[in-house]
Amino acid sequence: MSNESGWSPPHSHEPNPAPPSADPNFAIHSAGNASLLTPEVLRSLPQRSVDNCYIVSTGHGTSGPFTFSGVGLLDLVLLYTDGEWWAAADVLSADGFRTRISRDELTSELDRPIILALSIDGEPMSRYEGLVRLIVPGEESDALRQVKWVSEIQVIG
Ligand SMILES: Nc1nc2c(c(=O)[nH]1)N[C@H]1C(S)=C(S)[C@@H](COP(=O)(O)O)O[C@H]1N2
Ligand SMILES: [Mo]
């Protein structure tokens with residue numbers, strides 16, 4: 001599942017411990033348009049929280065449970081995308097880590113939504129902790145989709 005389309009790193013991936021840059025801003029690309037997203041912009045949008053999240057590192061053990069809060073990835077895609085043409089959202093980090101989230105995944109399990117997290121356990125997330133971090137609550141066997149330091153989102157057809 002996490003290696004769907006060969007788009008996520010292999011299971012044995014060693015996590016990068018440090019952010020690739022200090023800059024938490026990134027762009028969302030959709031149908032040829034690019035919009036800048038900053039933590040401030042994201043905090044101005046409706047927030048969602050997901051409790052009981054675990055980061056399951058196969059190499060370094062499991063941490064959590066955490067409550068992550070931020071913007072629903074589906075909410076964001078719908079806000080920046082006109083129409084129904086899209087099939088997935090690619091979420092990338094500048095360190096080369098990335099994952100692809102299908103429209104099906106985004107529109108199911110809406111009680112535990114996939115979010116772009118800005119806070120952890122009610123506190124603002126630090127850059128070191130992953131700001132802005134993709135949280136995929138349904139991924140419970142490894143952390144290969146819990147992308148830290150998001151540097152780009154591409155909505156694809
Ligand atoms: N950008 C980025 N995100 C990443 C990784 C990485 O190397 N780069 N490693 C992943 C892996 S393999 C793990 S186990 C977790 C580690 O998360 P933690 O540092 O919060 O424990 O981050 C995931 N997200
Ligand atoms: Mo990992």
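Analyst: Gladly. We can begin with a pair of side chains: those of Arg145 and Thr99 make a polar contact at 3.1 Å. The model is a predicted one, where local features need pLDDT of at least 70, side-chain atom pairs count only at pLDDT 80 or more, and totals for chains, interfaces and linings use all residues. Residues are numbered from 1 along each chain as its sequence is written, chains are lettered from A and ligands numbered from 1 in the order in which they are written, and side-chain values use heavy atoms, with hydrogens and water left out.

User: What makes the pair Arg145 and Thr99 a polar contact?

Analyst: A polar contact is a pair of N or O atoms within 3.5 Å; within protein, one must be able to donate a hydrogen and the other to accept it, and residues adjacent in sequence count only if both atoms are side-chain atoms. The side chains of Arg145 and Thr99 are 3.1 Å apart in this contact, so the distance meets the cut-off.

User: Is Arg145 called buried or exposed, and why?

Analyst: Buried means under 20% relative accessible area, exposed over 50%, and partly exposed in between (1.4 Å probe, protein chains only). Arg145 has 5%, so it is buried. Its place is the loop between strand S9 (133-135) and strand S10 (150-156); helices (H or I, at least four residues) and strands (E, at least two) are DSSP runs, numbered from the N terminus.

User: Why do Glu40 and Leu116 get their labels?

Analyst: Glu40 counts as exposed because its relative accessibility is 54%. Leu116 has a relative accessible area of 0%, so it is buried. Glu40 belongs to helix H1 (residues 39-43), and Leu116 to strand S7 (residues 115-120).

User: What makes up the shell around ligand 1?

Analyst: Seven nonpolar, five polar and three charged residues. Ala, Val, Leu, Ile, Met, Phe, Trp, Tyr, Cys and Pro count as nonpolar, Asp, Glu, Lys and Arg as charged, and the others, Gly among them, as polar.
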